[in-house]
Every structure is written in structure tokens, then in C-alpha cells.
Amino acid sequence: MCGFVGFLNDTPDTTKNEAVVRAMAARITHRGPDQEDYYVDDKVSLGFRRLSIIDLAGGSQPITNEDGTKVLVFNGEIYNFQPLREKLLEKGHVFKTRTDSEVLLHGYEEWGKDLLMKLRGMFAFVIWDKAENRLFGARDIFGIKPFFYYLNEGNFLFASEIKAFLNNPLFKKELNEERLPEYLCFEYIPNTETLFKHVYKMEPGAYFTWQDGRFETARYYTPEYDIDNEKSLAEWETLIDETFRGSTAAHGIADVEVGCFLSSGVDSSYVVHEMAKRNRVRTFSVGYAEEKYSELASAEEFAKTEGVLNFTKKITAQEYFDATPAVQYYMDEPLPNPSAIALYFLAKLASEQVKVVLSGEGADELFGGYHYYREPLDFEKYMRLPLSLRRALAGLASKMPNFHGKRFLMRGQFPIEKRYIRNNYVYRHAEVNKVLAQPVDAPDPSAFTKPYFDEVKNEDDITKMQYADIRTWLVQDILVKADRMSMANSLELRVPFLDREMLRLALQIPSKYRVNQETTKVALRGAAAKQLPEKTAKMRKTGFLTPLNDWLRRDEFYARVKETFESETAKRFFNTDFILKLLDDHKAGTAHNMKKIWSIYCFLLWYEAYFIQN
């Protein structure tokens, strides 16, 4: 796990260019504190920060091929690099290291962009082809590893994190204020744009080329469901168990010790169980003094059952709030998911003992873990009623006081692509102009996600919801906080559920074996039940809970947020009367506005870090 930076030179002054690329790389030292190295020629400058995991002595980057005509910088892990290396040796390629990075370089020489579909792993990389005067780069199919680029006025910069651009004089730092409504609704920007103008995210499963002053990007992979209705539940359970066993073995390859994150849920427990078959693995868990929000007791109980070491930390409210500004800086863009701060402390705890951890991210999106994936089952019969009748009932319900079933009737007038953008927006579209200082003409947020529903228009509603999450929520939220919070602590985080073979399997499983009226992750839980205690396999999905809702009602933290809401920065962007009322109503207990408050607060802390302090 590492970080890279680079840019197309605007001057032949190699001394100046090397100083710039060094400064860019220094900004992301946390991604790779073990080593740094650089490559500068008359056209391109590349920088690299390394966290040594494989081939500790020989894995330096940037790395070149035999004749020095191709140069690579790479962040990630290729889990099938050894068989690929054997094939390349048979074809006459000469290796000087035993790293997965050199396999990428020779693989590109041999197969070009066809290399990408041969890779099993998490990656973002760039290859400078001196002979062709071409840059080529790509990102893994899930978007586990980040890849940002800046494209403006003929300048092209790229890096593992946006903050590296701050140290390049070619970068013009501007707020992409037009995207603020989307941030308020989704808690992230739901396309390739960012909150920095002219800074873009490479799509998962995509590659780019830069040649002759022209930038082009295209997808090399898009998930496609191929449902197999012939297999029984027992057969799917067996296939999941076999495939997951292979995935955890591949993800455990390292020349350093590998640990595991452990919560009380089935996903991380399944990972720990498989890893514990090979090693006496160390596990790491965090919780809170507030017991109703803490999973520590269950995690510790499972660790004892498995006979693995378990290291824990209880996060205090003071620690949580004190860490939030740094967390928003490390995120690159504001991300108000409250679990991100807990993940920051979890990664910090693990990094004190290991360099690599495995985690359970991705299981919910692939195998149907979120409880609201069951909603289409509740709506199934109702959606058979004529649309005109459903709209009429929704109209009547909207005029009545709150009653049990009102939300059902209101939502029942919409198709799935309008009804579901995760569970709820942070702010509804109608609220955006109430919270902003200046009204804007923003598109309905469902317009950003409808294309994903259209791509699977022939699938059932459960599958549509999962697919939309794989293409949006997983990429823009779950994997962002996983990467940034682990890398902020110089820790490599691997996700064995997000594996090419696991995805291939998940895309075949019928929705009835993913979700039913009683439970979620039906087939996955069945597979896990063959290995884990019944209590663990059946554990209900709770998410990464925090006591933030309660903490915001405490005087000291209410005062901290209120001061930020009354700042000049807040007045520039937001209707301060509106956001202060949100805060006061929440403190009084007359409303539950935690998500809305935290969204504004995190944006303001992020803006402070990037546009005032820097």
C-alpha cells in the first residue's frame, strides 16, 4: 500500500520539476513512510511513497522495464501476481524483483490494456511509455484504491490523494460550489466530479490514456448480473464458502504480519475465522463507554471462541470531536459518515502492531446485507395497483397527520429508482434551498443514480438497489473512508469480499438467496453458519454505531458546533438561522437532526482545512 503523484511538465527545468514532485509526495507521506523515490525526465515527473509489504528490500518505485522505456508507479496489491509472473517469464520477460508492481509493468508490455482483465486485486497505477510519449493508467474494478486527476488549461496532474495537488503551482485551487447541493443530499458527490474544480475521480473499472495533448478515459469492466436459478441454497452456500476461503488466502499474502478488524457482525467474524486457520491472528476492535453503542463485548467473546488475540479501545466523546478536523483533512473531500472517526481510531489502534489488516467491507453490497433491501418484498403487492391509485393515496396521506403507514403510502407512488437512493437522503431535494445561503437550481438527486437503475432495468428491485449501491455508495463512501482512515495511519487495509471471484459468484445468486422477509445475506449467512457460532452467523446488521446523536445534545459539544455554525464561513455558504434551528431542535430533543448537523459541520471543518489554513 503506497501513494503516488505525478504531472506533465510545463518546463524543461528538471531541478524545478523534481522539487515540485518531491513536495507533492511529501504531502502524502502517511501513505508510505518507509521509502520515497522519484523519476523526472523532460516530459513527465513521477513520485512515490512506499509502505513496504511485499519484497521489502527490492520493491522500490518508480520502477522501469529492462530498457528503461516504461516507468510505473502503483498503489495496491495484485493477489494473482505470481501466476501472471510465471506466464510472463515463459514469454521471455526478465524480472529484477519479485514484486507485483513489476508484473504490472511487464504485463502492460505484453498485453497492453488487456492486462486489466487478468488482474485480481486492488490497484491504481500509471505507466509512462517514453517510446510512445503516452501515459496509461487504471483503477481496480471496485474502486478500492483512489485515483484523482486534475485537468485544466492543458495541465494534467494525478495522485492518490487530492491534497498532493496543493504543492504543485500548476494547480488552481477553486471550490466546485455548484456541486454543494449534491453533497448535501448524498454526503458525497455522486459522479466523477469533486468539490475541487477540475479535479476528477477515475471511475472504478476504468483506464485512461494521455497522448498528444489529449486525455481519454473508458471503462474496461462493468458488473453484469447473470442470475443462475438452477442451484439450491445449499449449493450457493458451499460455493461461497469455497470461494471465500480462496479469497482470504490470496489476501493474506504478505512479507509482514497481517491482522484483522473485528466487530460483532458476521462479515468481519468470517474473515477472522478464515485467517485464524493459518495464523494466530491479532484482531482489533473499537467501541464506546456508552454500552448500547458498543460492540466490544460481542467482539471480545468471538475472539475468545476463535482463540485469537483481541486489542480494544473505547473512544471518548472528547477524542471523537478532537479528531474530526484531522479526519476531514485526510478525507480530501468532506465525508460526514459518523463511522469514519471510529474507523480512524480503529486503524490507529491496529497500526501500532501490524502493517496490514483484513476487513469485511463489501459483503453487504454484494450479498444483500442492508435491511432496506427487504423493502421491495413489502411493496411487491402494493406496486401492482395502478399508478393513478397509488398517487391518489399518496396525495391523501400527505394531507393527514402522521400515522403508521403514511411513509409507505408516500413512497409507494414512486418507482424504485425514485424511491431508493440508499435509505434516505441527508437533505431532501426540497430542503436544499432552505439550507443554502443562496438558492440554486439543482437537479433532482435521483437524476444522478437513475442511469445505474437503467443499466439493470430487467432485474428485480432488490438487485437494482444493490447494483446502485455497488456503483455509488460503496465507491463514494464505504471505500473512501476505508482507504483514507487506514492510510492516515500508514496501514494497509484489504477487503477479501471485494474480490474478482467473489463478485463473479455474487452476480449469479438469485435475490431470494440474498434477501427474504426474515433476514439479509441469506446465502452468505448460511455459508458462515457452517464455520461460525450460530449467534454470530445470525447477528443482525447494525452498522458502525456511534453515540454522536447523544453527544450533540451535551453542552460542550453543542457549543463547539454552534460556534462553527455562527462563523463567517458558515454565513457564506448556509442559511445560518436554518442550521442553528436544526442544532437547537436537536439539542432540545424535539427533532433528530444528527445527520443534517454533522453534514454541515464536516463541510465547514473541511473548508477550513483546505481553503483557510492551506
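**View 1. The whole chain.** The chain has 26 helices and 17 strands, taken as DSSP runs numbered from the N terminus (helices H or I, at least four residues; strands E, at least two). The model is predicted: local features need pLDDT of at least 70 and side-chain atom pairs count only at pLDDT 80 or more, while totals for chains, interfaces and linings use all residues. Residues are numbered from 1 along each chain as its sequence is written, and side-chain values use heavy atoms, with hydrogens and water left out. Along the principal axes, the C-alpha atoms fill a box of roughly 75 × 60 × 50 Å.

View 2. Of the 614 residues, 60% count as buried (under 20% relative accessible area; exposed is over 50%, partly exposed in between; 1.4 Å probe, protein chains only). Among contacts (heavy atoms within 4.5 Å) with a separation of 6 or more, 72% join residues 24 or more positions apart.

**View 3. The open sheet.** Six strands line up in the order β2-β3-β1-β9-β8-β10, with antiparallel pairing; two strands pair if DSSP finds at least two bridges between them. At the edges are β2 (35-40) and β10 (199-201), each pairing on one side only. Neighbouring strands of this sheet are turned by 15° against each other on average, direction ignored (axes are lines fitted to C-alpha atoms, for helices over the stretch in contact; angles run from 0 to 180 degrees between N-to-C directions).

**View 4. Strands β1 and β9.** Three bridges link β1 (residues 2-8) to β9 (residues 155-159) in the antiparallel sense. Phe 7 stands opposite Leu 157 in β9.
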